[in-house]
Structures are given as C-alpha cells and as structure tokens.
Amino acid sequence: MKHGRADFSKHELKRIAHQRILELRTLSALTDDRKLSRRYNEMLSLIALRMDITLEQGIKRSFCKKCFTPYGKDSRIRLKRGMLEIVCDFCGDVRRIPYKPNR
Ligand SMILES: [Zn+2]
C-alpha cells in the first residue's frame with residue numbers, strides 16, 4: 001500500500017535475501033582470489049544491511065567488517081584474557097570476540 005509494488009511479502013523477500021547471502025558466502029569461501037572474495041563479502045554485507053538481516057556468527061567472523069577481506073592464514077589471531085583478537089592483515093582492523101572455551 002505504501003510503495004505500490006508489493007509482489008513479495010517482507011518475509012519472502014528476507015528469505016530470498018538470506019539465500020543470496022549464503023550463496024555469496026559459499027562463493028567467497030571457494031575462491032582463492034582475495035579481491036573477488038572481498039567483493040562477495042561486501043555484497044552479502046550490503047544485502048544484510050539493507051534487508052535488516054543479522055549475519056550468522058560463522059559468517060560475521062570469517063571476514064573483516066571494515067574492508068571485507070577474508071581472514072586467512074595470514075591473519076594474526078591472539079588469545080587474550082578471555083578475548084579472541086583477530087587482526088586483519090589488510091587494513092589492520094582489530095576485532096575482539098569474547099571467547100569461552102567449551103569445557
Ligand atoms: Zn580489514
């Protein structure tokens with residue numbers, strides 16, 4: 001009623017967007033091309049933002065939220081007082097994640 005074009009319900013749109021995010025995530029993980037991988041991560045982040053979708057932890061933690069570079073074997077990961085620190089080797093952004101050992 002508001003925009004006149006309501007072919008899909010909001011729920012349906014979100015479902016499609018989520019599927020697209022998972023596709024992009026798979027593409028990003030499969031490629032060895034970091035530039036391409038970054039592009040996929042950027043695209044899925046934008047979709048999530050636009051559609052108000054919260055990315056799953058596994059996806060969120062797989063790349064830098066600042067430059068979208070996938071964390072890889074070159075990224076520095078440190079364990080510091082219950083926090084996991086991941087340093088992006090591309091832009092140097094530090095991400096801190098609360099870390100609780102599982103038993
Ligand atoms: Zn970065």
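Reader: Which residue in strand 3 is the bridge partner of Met83?

Author: The model before us is a predicted one. In strand 3, Met83 has Pro98 as its bridge partner. Met83 is also the partner, in strand 2, of Lys80.

Reader: Which residue in strand 3 is the bridge partner of Leu84?

Author: In a regular strand, side chains alternate between the two faces of the sheet. As for the bridge itself, Leu84 is partnered with Ile97 in strand 3. Strand 2 and strand 3, the latter spanning residues 94-98, are paired in the antiparallel sense over five bridges.

Reader: In what sense do strand 1 and strand 2 pair, and over how many bridges?

Author: Strand 1, residues 76-80, and strand 2, residues 83-87, pair in the antiparallel sense, and five bridges join them.

Reader: How many residues lie between the strands of each hairpin?

Author: In the hairpin of strand 1 and strand 2 there are two residues between the strands, and Arg81 in the turn has a positive phi of about 35 degrees. In the hairpin of strand 2 and strand 3 there are six residues between the strands, and Gly92 takes a positive phi near 80 degrees.

Reader: How many of the five residues of strand 3 are buried?

Author: The number is zero, so strand 3 lies largely in the open.

Reader: Let us turn to the helices. At what angle do helix 1 and helix 2 pack, and how far apart are their axes?

Author: Two packed helices are described by the angle between their axes and the distance between the axes. Here helix 1 and helix 2 pack at about 165 degrees, and their axes are 8 Å apart. Because angles over 145 degrees count as roughly antiparallel, helix 1 is roughly antiparallel to helix 2. The crossing of helix 1 past helix 2 is left-handed. Among the residues making the contact are Ala17, Arg20 and Leu27 of helix 1, together with Ser37, Asn41 and Ile47 of helix 2.

Reader: Which residues form the largest nonpolar core?

Author: That core has five residues, namely Ile21, Leu24, Tyr40, Leu44 and Ala48. Helix 2 gives the largest share, three residues.

Reader: With which residues is Leu44 in contact, leaving aside its neighbours within four places in sequence?

Author: With those neighbours left aside, Leu44 is in contact with Ile21, Leu24 and Arg25. Of these, Ile21 and Leu24 are also listed in the largest nonpolar core.

Key: Residues are numbered from 1 along each chain as its sequence is written. This is a predicted model: local features need pLDDT of at least 70, side-chain atom pairs count only at pLDDT 80 or more; totals for chains, interfaces and linings use all residues. Two strands pair if DSSP finds at least two bridges between them. Helices (H or I, at least four residues) and strands (E, at least two) are DSSP runs, numbered from the N terminus. A nonpolar core is a set of buried Ala, Val, Leu, Ile, Met, Phe, Trp, Tyr and Cys residues joined through C-beta atoms within 7 Å. A residue is buried if 20 or more other C-beta atoms lie within 10 Å of its own, exposed if 12 or fewer, and partly exposed in between; C-beta atoms are placed from the backbone. Two residues are in contact if their C-beta atoms, placed from the backbone, lie within 7 Å. Axes are lines fitted to C-alpha atoms, for helices over the stretch in contact, and angles run from 0 to 180 degrees between N-to-C directions. Angles under 35 degrees count as roughly parallel, over 145 as roughly antiparallel, 65 to 115 as roughly perpendicular and the rest as oblique. A crossing is left-handed if the near helix is turned anticlockwise from the far one by less than a right angle, and right-handed if clockwise.
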